[in-house]
Amino acid sequence: MYRIENFCSQYELLERSTVAKFQSLQEAVAENLRDGDRAAFEGFTHLIPTAAVHEAIRQKQKDLTLIRMTPDLVYDQMIGMGLVKKAIFSYAGNPGVGLLRRLRDAVENGWPQPLDIEEHSHAAMANAYEAGAAGLPCAVFRGYRGAELAKVNPNIKFIECPFTGERLAAVPAIRPDVAFIHAQKADRKGNVLVEGIIGIQKEAVLAAKRAVVTVEEVVEDFNGLHPNLTVLPSWTITSIAVVPGGSHPSYTHGYYERDNASYLEWDEIAADRQLFLDWMEANVVKSSPEAFAARVEGLRIAA
Amino acid sequence: MTSLPFTPDEMMTIAASRALKNSDVCFVGIGAPSAACNVARLTHAPDITLIYESGTIGTQPDVLPLSIGDGELCETALTTVPVPEMFRYWLQGGRITIGFLGAAQLDKFGNINTTVIGDYAKPKTRLPGGGGAPEIATSSHQVYITMKQSLRSMVEKIDFYTSFGHGDGGDHRRRLGIDSAGPTLLITDLAIWTPHPQTKEFTVQALHPGVSREDVQKNCGWKVSFAAALETTPAPTELELTTLRDLQARTKAAHRRISRKEEAA
């Protein structure tokens, strides 16, 4: 008889079950997001996992370190509701509208609690996620030349190329405890398909120890689709929850359009602490994942 | 200036659009740059390649996107690539001829601040930050900047060097090992500027119609240099104005559209 020795490696860090579990969003968040986690809710303008964020706010996980290239409305909401101790990001704006007022209030005035920030450029974050997915300790790229972020963020360093001597930027790989993404669909086996602006989602899932995906729908199988579509195999995913409309007011390519009016509206809601709290109470705390389907009803793309 | 049949904003966008060529591969920032790039595409540069940092390559939007990741960009693009690929292969790989940026704060050497007003650790105003700009500013072959002039936005000393222009001027880029040209053009709502060949300080080359030297100086926080042979920017043509206004009207209608559900309620 022979036995195969387990070898100790970084791959033991992955906490995947063998295949993705279909669960309610409440269960998926409760099982996978823990106090103090480093969590990435990703989606580059498209496919932002808003429903998962709102569920996290209802469950009140604490002391989170949130990672996301563009914090967007969703991190503005989590920061304003006091879930976050640190944010790692590269563009803290309301895309195309202006500033993130809850994030600003936390940075400038410590409300509702002080917020540590680790700020990067997009190129750095994208490279760092990719390094995380690739199992590397750091990312190397040609960046931050002349940029002052390198002076205020100790996680930005420079190394010399061993072959050419070129000075290159290095940042630590991003390895989240848990990644949340929204995707178009899963098949019955729990494989997940993402298309359109796919952003950084694949890298975020593969870099994370646990991965939760909300999807618009579940289909029988992916037969007959284009062979190069982005498909995340079931065994790379921990948990799947079906939440139609789950990325509103962001959008899901092929399903519904971006609710630009909501992004414009957020600028006013987030400008005032009480208005913000009242809005969160009515639309998040007292709501549920099922509410999302109705929010995209008027934005759906005709079949 | 009130008697002119176009606004300073329109003149700025149109002047910026003229600087773009059909053969350019342009990395587009949101706001004024996006409008200028699309006016160029809809007038004299139909084959210009517009790239937004969400990964859309060769996009031809019918309305201006509110964000860099609007669905319109993906649906009208030649192809859409993942974000790491966008920054690694296309930008860092040297395939972008023009990086087109806006700025919250700009100095006379084309250094850009979009990070903080005040001290970084205790900011007076926390701005969105750099996004793609720090690397767009150094990896694009050259950089165009477009912004409205004001004493707040065009300053002697910026509070934070988000994206490097010409640093302290002269050969500062070379000394840092940056081999791209950096900012080569600044287009404001009042004038067209290019960097001095040696000092790299922005110099006004042309005033927009109806604008005086005093107007430019009054809305700029550093002492402005003017070219000896100062020109006047040609006024917008009928086609340029109509193209821009139609584009903005379509955009406004699309962004303010409320969902059918709300209309029904």
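What covers the buried residues of α4(B)? Keep that in mind while you colour by confidence, since this is a predicted model.

**Stop one: confidence.** The predictor gives the complex an ipTM of 0.93 and a pTM of 0.94. Colour chain B by pLDDT: the mean is 93, and 96% of its residues reach 70 or more. Now pick residues 258-265 of chain B, where the pLDDT is below 50. Beyond near neighbours in sequence, that stretch has 9 contacts in the model.

**Stop two: α4(B).** Select residues 83-92 of chain B, which make up α4. Show side chains for B:V83, B:P84, B:M86, B:F87 and B:L91, which are buried. These residues span an arc of only 165° around the axis, so they sit on the same side of α4(B). Back to the opening question: the cover includes α5 (122-133) and α7 (201-207) from chain A, along with β1 (25-28) and α5 from chain B. Step just past the helix and click B:G94, which has a positive phi of about 85°.

**Stop three: where the chains meet.** Show both chains and pick out the contacts: 49 residues of chain B are in contact with 50 residues of chain A. On the chain B side, the elements giving two or more residues are α3 (71-75), α4 (83-92), β9 (123-126), α5 (133-139), α8 (238-256) and α9 (260-264). The helix from the last stop, α4(B), gives the most, with 5 residues. Colour this side of chain B by class and you'll get 19 nonpolar, 20 polar and 10 charged residues.

**Stop four: the sheet.** Switch to cartoon for chain B and trace the open sheet of 10 strands, ordered β4-β3-β2-β1-β5-β10-β11-β12-β13-β14, with mixed pairing. At the edges stand β4 (79-80) and β14 (225-232) of chain B; each has a single partner strand, so one side of each has no neighbour in the sheet. For a detail, zoom in on β2 (residues 49-52) and β3 (residues 56-57) of chain B, an antiparallel pair with 2 bridges. Here B:I51 stands opposite B:I57 in β3(B).

**Last stop: the core.** Which residues have the most contacts inside the largest nonpolar core? Select A:M78 and B:C26, within a core of 160 residues. The largest share of this core, 8 residues, comes from α5(A).

Definitions and conventions
Residues numbered from 1 in each chain as written. Chains lettered and ligands numbered in written order. Predicted model: local features only at pLDDT ≥ 70, side-chain atom pairs only at ≥ 80, totals over all residues. Contact = placed C-beta atoms within 7 Å. Helix = DSSP H or I, 4+ residues; strand = E, 2+ residues; numbered from the N terminus. Nonpolar A, V, L, I, M, F, W, Y, C, P; charged D, E, K, R; others polar. Buried ≥ 20, exposed ≤ 12 C-beta atoms within 10 Å, placed from the backbone. Arc of directions from axis to C-beta. Pairing = 2+ DSSP bridges. pLDDT = per-residue confidence, 0-100. Core = buried A, V, L, I, M, F, W, Y, C linked by C-beta atoms within 7 Å.
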